[in-house]
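The sequence and the structure are shown first, and the analysis follows.

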Amino acid sequence: MTSSLNLAIYMSALLDEAGEAGRAAVTLEEARASFSLFGKGLSEKYLQAKPLGDAPAILANPRRPFPFSNGREVYLPPYLDVFDSREENWRVFRLYTSVQAGQWEAGTFDRPRADEAAARHGRQAWMERKEPLAFLRFFLGSFPMPFLAADIFITLETARTATVMARCFGGLASDLAWFLARLGPNIEPVDYRSVLWNVFFDLLAPLAGNPAQRGYPREVMAAAETVADPGADLKHSLDATLAIYAILEPQLMASLVPEERTLLEGADDFFTDTMPGLRGNKATRFGREEEAEGIELVPPELAEALNLDFYSYLLPAGIGEFLMEDALGKKLAQDTAPDADRKVKATGKEKADVEEAGVEEHRLLYPEWDYLAGGYRRDWATLYGLRAEEGSAQAAKRLLAEWDDLVREVTRQFRMLRLQERTWRKRLEWGEEIDISEAVERQVALRCGLPPTEKVYMEKRRITREVSALFLLDLSASTSSEITEGGHTGETVLQVLVASVAIMARALEQLGDRYGIYGFSGYGRKRVEFLRIKSFDEPLGDAVWQRLGGLKPMKSTRMGTAVRHAHHLLNAELSSLKMMLLLSDGYPQDYDYGEDRTDREYGLRDTARALREAEAGHIIPFNVTVDAAGHDYLRRMCPPHGYLVLKSVEDLPAELPKVYLRLRGS
């Protein structure tokens, strides 16, 4: 039987909030705002606090210790008066919020990359759906008995999430142990839900300080134990679900009576109501007993899906209600010369209506700085904004595969960074530790007969970072040079540049920062081409990989104009931290970049001026070059902390993530 305390908490969802309540009662209305903010601090996403009654039964029911979030809301009782003190009732609210918000940190809403899944399993309904649970609906809904698969998965994933969060937060570990001790495990299983209840408690037994107790098949725990190991991820929970389902499903089928089968079949609506056609013509176990032997307990394609590359699903970015004017990254002062303002030419479209490779998207006029005249040449350079031509997506991915070990390490570092970005917040009424200085102040106030403060606690909370990074690739003809030594002999400089930004793209998908990838080349001042490879709002999909695979060395390096347009694009971003990372293999040069074709001074001065304009616009520019002679000119173009010269082209993929994290302040 389920714990009476758990039933009491869930029954509070049925109570009238306006009814009689003791002094210890806490209502959702008074907790909603603070716990929505609390959830945002844990997950970097605003998760709306909703009543338990609004949750689908498959996500929240009294048969499980905790509700399960849909990735957009956290589900809380509308009324809680179970414990004798408000502090303990608030503690339950806080714990419910922590476990559900922690699903984002634990990677519960990860999913396979759509391009790889489509290639191996065909186009699936979940790939196009913009909801965190889309893949899990597909995965669990593909079982013959989805409600059983969902019960198993939610039990395992909740235990994994709780374990991950408890390792990161000592205060949460304490709250969790306190709560589990009051729920109390059931050690006499009478049905599969009782088995799962016991599995949950046995997985968290070390945390709760209780010995593990069995009472169910040993094979069940053997499969479940992997989710509590350090480093366990979503794949471990899904893999354990496959194994435990194969154990419990035959037992459940043998024990069900017709009325129970009808009731449980209705639970499958969660997997079909918003994704029609998901189950298709696939046979289920219900009503098909005569063919049961011919139906596979675990569809083989589910196990194959776990071999795909998973990534963190990102909710579409929005303004939100917590952004303030100072956090929008707007310019505090217009301190660039009026002559430096870009002019938009009337010809061409600002945005193309169709995704045609190489199509012109816009045409802009930019000034150039003439150091001899001591002023700007107005409307001097014409920039053509183009969509990069598409090549083979597999070619780009093969380049990435050559750096496989580095990809895994960088991706792991960026993912772990999400858990490490925390700072001490003080003057709290509750928290992880006591702030000694505030405690002393309280004692002084008491002895002086003054009202003492109760805000003597502090705890570490997540630093919310709004970051936009633009990667600007030099596509000049010199990038066609081949590497003559090292492990990548025979590859071109451009191929290493592409691999470097591809590694960064994979890693940034885990970190959640906004980023864009662009390339540029010069054909004289009347045609500076600026190629869009990935815009800030574009997902890392097949189209981006194809553009990366289609990049080719072009002509010259009219860098100042490209930097000014990158500045223009970053100005449109609302992030408080904006970075421009320029990857090149040589100095700024074009056939008319100055009065004399051999003049290097004009290009250096113009690019240096463009970089200063970006800095005045609260953008952090940084130049990474693979030119061994880069110190000679970069020290004149950039401040000492604004560039990096690499000894070897092969160092770029490993050094670029370090540069990014340093600029980001991580």
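Is Ile434 buried, partly exposed or exposed? Ile434 is partly exposed, because its relative accessible area is 47% and the partly exposed class lies between buried, under 20% relative accessible area, and exposed, over 50% (1.4 Å probe, protein chains only).

## Basis of the model

The model is predicted: local features need pLDDT of at least 70, side-chain atom pairs count only at pLDDT 80 or more, and totals for chains, interfaces and linings use all residues. Residues are numbered from 1 along each chain as its sequence is written, and side-chain values use heavy atoms, with hydrogens and water left out.

## Nonpolar surface patch

Ile434 belongs to a nonpolar surface patch together with Ile436, Val440 and Val444, and the accessible area of the four residues together is about 370 Å². Accessible areas come from the Shrake-Rupley method with a 1.4 Å probe, and for residues only the protein chains shown count as cover. Patches are made of residues with over 30% relative accessible area and no salt bridge; like charges are joined within 9 Å, and nonpolar side chains (Val, Leu, Ile, Met, Phe, Trp, Tyr) within 5 Å.

Ile434 is located in strand E11 (residues 433-434). Helix H17 (residues 436-447) makes the greatest contribution to the patch, three residues. Helices (H or I, at least four residues) and strands (E, at least two) are DSSP runs, numbered from the N terminus.

## Nonpolar core

The largest nonpolar core comprises 84 residues, and those with the most contacts inside it are Phe139, Leu156, Phe179, Val199, Leu203 and Leu238. Helix H6 (residues 146-168) supplies the largest share of this core, 11 residues. The core lies between domain 1 (1-106) and domain 2 (128-315), because both give residues to it. The domain bounds come from an automatic or database domain assignment. A nonpolar core is a set of buried Ala, Val, Leu, Ile, Met, Phe, Trp, Tyr and Cys residues joined through side-chain atoms within 4.5 Å. In soluble globular proteins, nonpolar side chains tend to be buried together.

Helix H3 (residues 86-106) contains 21 residues and reaches 29 Å from its first C-alpha to its last, close to the 30 Å expected at 1.5 Å a residue. The expected span of a helix is 1.5 Å times one less than its number of residues. H3 is mostly covered, with 17 of its 21 residues buried. Just after H3, Gly107 adopts a positive phi of about 85°.

In the whole structure, a search finds 28 salt bridges, each defined as a side-chain nitrogen of Lys or Arg within 4 Å of a carboxyl oxygen of Asp or Glu. One of them joins the side chains of Asp175 and Arg91 at 2.5 Å, N to O. Asp175 lies in helix H7 (residues 170-183) and Arg91 in helix H3, so the pair ties together parts that are 84 residues apart in sequence. Both Asp175 and Arg91 are buried.

## Helix H21

The 16 residues of helix H21 (residues 601-616) should span 22 Å at 1.5 Å a residue, and the end C-alpha atoms are 23 Å apart, which agrees. H21 is mostly covered, with 12 of its 16 residues buried; among them are Glu601, Tyr602, Leu604 and Leu611.

An α-helix has 3.6 residues a turn, so residues three or four places apart point the same way. Arg605 is partly exposed at 37% relative accessibility, as are Arg612 at 32% and Glu615 at 31%. Elsewhere, salt bridges that share partners join Glu361, Arg387, Arg532, Glu538 and Arg547 into one network.

Which strand contains Trp369? Trp369 lies in strand E8 (residues 360-370) and counts as buried, at 14% relative accessibility.

Asp379 is in strand E9 (residues 375-387) and is partly exposed, with a relative accessible area of 33%. His618 is in the loop between H21 and strand E17 (620-625) and counts as partly exposed at 38% relative accessibility.
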